[in-house]
Every structure is written in C-alpha cells, then in structure tokens.
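Subject: Structure for you to look at

Hello,

Here is the structure I said I would pass on. Please open it beside this message and follow along as you read.

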Amino acid sequence: MAKLLEFQTERLRLRQWRDSDLEPFAALNADPKVMEFFPKPLSGHASNEMAGTIRSLIKQRGWGFWAVEVKGVEPFIGFCGLHIPVATLPFSPCVEIGWRLSFAHWGNGYASEAARGALAVSTPV
C-alpha cells in the first residue's frame, strides 16, 4: 500500500473517501445535468461500485480521484484528481486530470483550483 496523499488549496480539501460520501456521490451521479456528457446517470449501485474502484486505486497508488470538500462549508462536493485511463488512447500511456462536482458547486472555479492542486502535489519541485 502506498502512502496516501491528502492536500488543501485555498478553499478546498482533497482527501480520502469516507463512507458518508457515498450518498451525496450517488445523488451527484444520478443528476442528469452532471451526467449530461456521459452515457447515462448512474444507479446507486453503480455509483457505489465506482466509489469502491476509486478508493481501491488510491490505496494502490497513494493518489487518484480524491474526495473534494469546501473547507468549513460543505463536507463533499465531488471528486477531482489524477487517473491512469484504462482505455488505450493514441497518446497512451498517460495520466489524466478528472473531476465531477455536484451542479450546485459549478461556476466557482473549484474544478480548476482542485486540478492545479493535484498537479502541484504530484509534480516534483
């Protein structure tokens, strides 16, 4: 098991997942607006499976799609972080930056702030 990374940005905390994140994550994944550019919204079961995979990958690598919270305001708004795509892409191998935030938190710059933080903790200075 790798050393598990967590970090903070000015407004956000990117941390390991908690069981209490599963319900709001399922609501986020069931939201047609959030899932507009995905094949379909996820069922609660599929959302829980995805969360389990995300947690497992973080345990293996120490990094991945961290749970995102707004410090002192909201305990879970979605995820952001780094991921090695499973699909073979023309530019593979690669690491992608990904995010999925609840619609109520769109438009605040949280995704870009979290993504910059993920890059900063993963890039040697």
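Start with helix α1, where the buried residues are Phe25, Ala26, Leu28 and Asn29. These four span an arc of only 160° around the axis, which puts them on the same side of α1. Among the elements that cover the buried residues of α1 are α2, β4 and β5. Please keep in mind that this is a predicted model.

Helix α2

Next comes α2, which runs over residues 44-61.

Under 20% relative accessible area, a residue is called buried. In α2 that applies to Ser47, Ala51, Ile54, Leu57 and Ile58. They cover an arc of only 125° around the axis, so they are on the same side of α2. On the face of α2 turned away from the buried side you will find the exposed residues His45 and Gln60.

What do the buried residues of α2 pack against? Their partners are α1 (22-30), β3 (65-70) and β4 (74-83). Just after α2 there is Gly62, which has a positive phi of about 90°.

The cavity

Searching the whole structure for cavities of 30 Å³ or more gives one. The largest cavity holds about 40 Å³ of space. Its lining consists of Ile54, Leu57, Ile58, Arg61, Gly64, Phe65, Leu82 and His83. Two elements, α2 and β4, each give two or more residues to that lining. The largest share, four residues, comes from α2. By class, the lining of the largest cavity has five nonpolar residues, two polar and one charged.

One of the lining residues is His83, and this residue lies in strand β4. Is His83 buried or exposed? Its relative accessibility is 15%, so His83 counts as buried. Setting aside residues up to four places away in sequence, His83 touches Leu57, Trp63, Phe65, Cys94, Val95 and Glu96.

Leu14

Another residue to look up is Leu14, in strand β2 (residues 12-15). Leu14 counts as buried because its relative accessibility is 0%. Apart from neighbours within four places in sequence, Leu14 is in contact with Glu6, Phe7, Trp66, Ala67, Val68, Cys80 and Ala114. Compare Leu14 with Gly78 as well: 64 residues separate them in sequence, and their C-alpha atoms are 9.9 Å apart in space.

Which element gives the most to the lining of the largest pocket? That is β5, with three residues. Sorted by class, the lining of the largest pocket has eight nonpolar, four polar and three charged residues.

Regards

Definitions and conventions: Residues are numbered from 1 along each chain as its sequence is written. This is a predicted model: local features need pLDDT of at least 70, side-chain atom pairs count only at pLDDT 80 or more; totals for chains, interfaces and linings use all residues. Side-chain values use heavy atoms; hydrogens and water are left out. Ala, Val, Leu, Ile, Met, Phe, Trp, Tyr, Cys and Pro count as nonpolar, Asp, Glu, Lys and Arg as charged, and the others, Gly among them, as polar. The expected span of a helix is 1.5 Å times one less than its number of residues. Buried means under 20% relative accessible area, exposed over 50%, partly exposed in between (1.4 Å probe, protein chains only). The arc is that of the directions from the helix axis to the C-beta atoms. Contact means heavy atoms within 4.5 Å. On a 1 Å grid over the protein atoms alone, a cavity is a set of points where a 1.4 Å probe fits but cannot get out, and a pocket is an open set with protein on both sides within 12 Å along at least five of seven lines; lining residues have an atom within 4 Å of a point. Grid points are joined across faces, edges and corners, and a volume is the space filled by probe spheres set on the points.
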